[in-house]
Amino acid sequence: MSSPLFGKFRSPDGKPHMLGAMQTLDVPMHRYADGEEVDYAIVGTGAGGGVLAQRLARAGFRVVTFDAGPFWDTERDWVSDEKGSHQLYWTNRRVTGGSHPLALGENNSGQGVGGSTVHWASFTPRLHPSDFHIHSLDGVGVDWPLDYADVRPYYELMELELPVSGPAYFPWGDPHGYPYGAHPMGGVGDALIRGCTALGIPVSAGGPVGILEGSRADRPHCIYRGFCIQGCKVGAKASTLITHVPDAIANGAEIRANCMVSRVALGSNRRVNGVFYFGPDGRELFQKAKAVVIAGYSIETPRLLLNSACDGFENGLANSSDTVGRYLMAQAGNVVLGRFDQPVRMYKAPPAHALTEEFYETDPKRDFARGFAIQTVGPLPISFAKQMMSAKGAWGWGLRRLLMDYNHWASFGLLGEILPHAENRVQLADEKDQFGLPVAKVTFNLGDNDKKLIDFGKNKVMEVMHAAGAEEVVQEARYAHLVGAARMGNDPQTSVVDRFGRTHDIANLFICDGSIMPTQGSANPGLTVMSLAARIADYLIIQGNAIFASDKRDMQTSPIRYDLSPPDTWGHGMPRPVNHLVS
Amino acid sequence: MTDTTARDADLRPVDPATGKPLGPMETPGYYPRYHTLDQQKFWDAKTREVILDRVNNVPPIRFFTPEQARLLEAVCARVLPQDDRDDAHKIPIVPQIDKRLYEDKGDGYRYEDMPPDREAFILGLQAIEQMAQERFGRGFLDLRTRAQEELLKALHDAEPWGAHDIWERMPVHRFFMLLVKDCAENYYAHPYAWDEIGFGGPAYPRAYMRLERGQPEPWEVHERRYEWEPPNASLSGEYESVAGQEEQYGSPGQGGTH
Ligand SMILES: Cc1cc2nc3c(=O)[nH]c(=O)nc-3n(C[C@H](O)[C@H](O)[C@H](O)COP(=O)(O)OP(=O)(O)OC[C@H]3O[C@@H](n4cnc5c(N)ncnc54)[C@H](O)[C@@H]3O)c2cc1C
Ligand code: SF4
């Protein structure tokens, strides 16, 4: 059909593989032969796995990356439709419980190349320097085995590789600026700015968000269609599917889609030697590898380790500390909705386009530690209906009436830090999935600090909504962004991996996704997951064959590689003072 | 005591200005003559295919028995009433729920205190039927609308008067949320519902351009508001939170947002 923007579309069948409206995947993909040993088998192609595979491939390693879901062709597979996008989410069986059970499914993680970055809203704030030391500073949670300074250069890399649009000056945490210009406001962003301004709260308008505000290379700019959480068919929103996976393939990595890894195999000398997986036809196969990296998200990563229990690791692979699956975190993600007299039409513009981190840090005047952010969100009709069910108990004619008013509502999201608790965890349930593998059972309870933070935070967000001029303000409880469950630390007794993602128990087994985060701050985790992945990559690259041949742990931090970015990313964008980067 | 036999005379929302019931009509709501489907030539091919399939092909009933399907129809007619829509523009809900359960699809996860969705629906329907018999001495299908609503309101309030053996196996508020969720997921997936609420629908590759002040695109229409009231006698027009949670944090939102 003809399109006012892009000219004639190619017909979907038999035509090039599309990654967004313009970018095609036209390099042939290397395929390793059956039985061939590779350097790295990576499980998962999401935020962590996608970036890691790209870097390892660029550095010349032989890499196979598995994903349980499809290799999306965005033209052929994706739709501008809420219900029709259900396939993007991880919807295999799972069980959820505890005193505050987490909604999973579409609320949590993805399945398919690109992982959850396919359906993330693409808010890309950094953690604050304080987030790395909350135990020392506030006596809660745990300190990271890293400093903000260790991660900062990787944030700068990722902000160019996605790239991130945002204001020239971002005042919170470690103040910094963004390489690409901020986005225009939609109705929800306008409301956030109005409300914050009325209360004297600074607000960041138009980002930081991994969405193009102007076209770059083969990626068109955002067209403000509001379907980010359904996958961006345009290719304006960053996902590892379109930002890093193509470069991984161009550099020789093999992406094995529709392949569910069932078990990491332990060989001799307490070293792993590959992974078992169910291929697209359902047969169980084995891939031999010199080292294995798990990047399957905070539920599937611990599940895979637990399912890989074997002689010597009866409680799960790399679980001598009994920490695998524990300290699972989710952020408080309450949605606050306000009805305005004037229409808002919140379905336009990306859901993610303005935020404030004014309440991020611990404030001694409050009766809880740590803090929260306030962000724009833009539920489409089905999500909005579900929110009204929770927020107002709406059903029947009452639900119909509220939805008839859909265009008058705006919504903000609370994003609050929930502390790590040992009892918040992923375990194996008795029931099995379609492969016969025990499914994950997720248990989640709020602690005292968490409840106080949520109460304060949601009231503050409601206050902002009122100040924006809303006549009626309601809210629903919600939790988002699972991280943790295989945390990093210096002490092998209380953590699963060291500060380079290497499991304490097994020298050639690594974890490279959100699971390794010891605490989460009030920043959406994606950018941090990617930055940690780039850092882990630099370590693996400099270690080279030592990873494959020796159990010795070199704890030396490696120099940053500025030559591994996908083409035309690093060094582009607005010039900013980056003196400390000149090497 | 409610008269359980007679049918209600009119189940349609009322126009307070005239006191007359509204409809049946093609497009309820405040956006008269707005049709998202008119824009289909501006949608990408895949989106058009998926949405037209939803509109044109109503799936056959394969999971529920005919009796169960009829019962669920009556339940959904109160959970997401469509009495103000003309027959040509009623939105099929039960066939879509049936399809989901037949294919055993959905969000994949279940609450630890809940059975899997298939079982939950069967148990829920049984409980509804038992409660109808217990209080009114007849099946749910044969109840007057008001009595049907009383029964569903009891589930909403987590105060079922019967079928306790079933509600012990399945928390009533979770079943109620599941039921409303499935109805809403299908009703608001339909272009006719988009017309009702003034949602622009798919906008790729064309884009939205008027981001400010809630303005309609050139091809959308302005809202034309009037007072709208649910049917006078209906119990579902009021808002009270779904009961049965130990505390306010216990009923997490299920839609992904940020
Ligand atoms: C609706 C929604 C909105 C969000 N918005 C934001 C946002 O605005 N900003 C932000 O920073 N974050 C956001 N997030 C969260 C963010 O997307 C995730 O935190 C991030 O992608 C996690 O990265 P990961 O590498 O841990 O896992 P993922 O990106 O989920 O990748 C894991 C991959 O591993 C695969 N996998 C898992 N197990 C196996 C196995 N056994 N075999 C083979 N493959 C396997 C999965 O299929 C998946 O593709 C959002 C999430 C949701 C649900
Ligand atoms: S709003 Fe922009 S980034 Fe989001 S899906 Fe649409 S075009 Fe993509």
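The model is predicted, with local features needing pLDDT of at least 70, side-chain atom pairs counting only at pLDDT 80 or more, and totals for chains, interfaces and linings using all residues. Residues are numbered from 1 along each chain as its sequence is written, chains are lettered from A and ligands numbered from 1 in the order in which they are written, and side-chain values use heavy atoms, without hydrogens and water.

User: How many salt bridges does a search of the whole structure find over all chains?
Analyst: A salt bridge is a side-chain nitrogen of Lys or Arg within 4 Å of a carboxyl oxygen of Asp or Glu. The search spans all chains. The total is 63.

User: Why does Arg31(A) count as exposed?
Analyst: Exposed requires over 50% relative accessible area. Arg31(A) counts as exposed because its relative accessibility is 58%.

User: Which parts of chain B does the salt bridge between Arg100(B) and Asp117(B) tie together?
Analyst: The closest N and O atoms are 3.0 Å apart. Both residues are buried. They are 17 residues apart in sequence, so the pair ties together helix α3 (residues 94-102) and helix α4 (residues 117-136).

User: Where does Asp104(B), the salt-bridge partner of Arg118(B), lie?
Analyst: The closest N and O atoms of this pair are 3.8 Å apart. Arg118(B) is partly exposed at 31%, and Asp104(B) is partly exposed at 40%. Arg118(B) lies in helix α4 of chain B, whereas Asp104(B) lies in the loop between α3 and β3 (109-111).

User: Which residues are linked with Glu106(A) in a network of salt bridges?
Analyst: The network has members in chain A and chain B. Glu106(A) is linked there with Lys386(A), Asp107(B), Lys181(B) and Glu185(B).

User: Which residues does Thr503(A) touch?
Analyst: Thr503(A) lies in the loop between β19 (479-483) and β20 (509-511) of chain A. Thr503(A) is buried, at 0% relative accessibility. Contact means heavy atoms within 4.5 Å. Not counting residues up to four places away in sequence, Thr503(A) touches Ala318(A), Val496(A), Val497(A), Leu509(A), Phe510(A), Ile511(A) and Arg553(A).

Conventions:
Buried means under 20% relative accessible area, exposed over 50%, partly exposed in between (1.4 Å probe, protein chains only). Helices (H or I, at least four residues) and strands (E, at least two) are DSSP runs, numbered from the N terminus.
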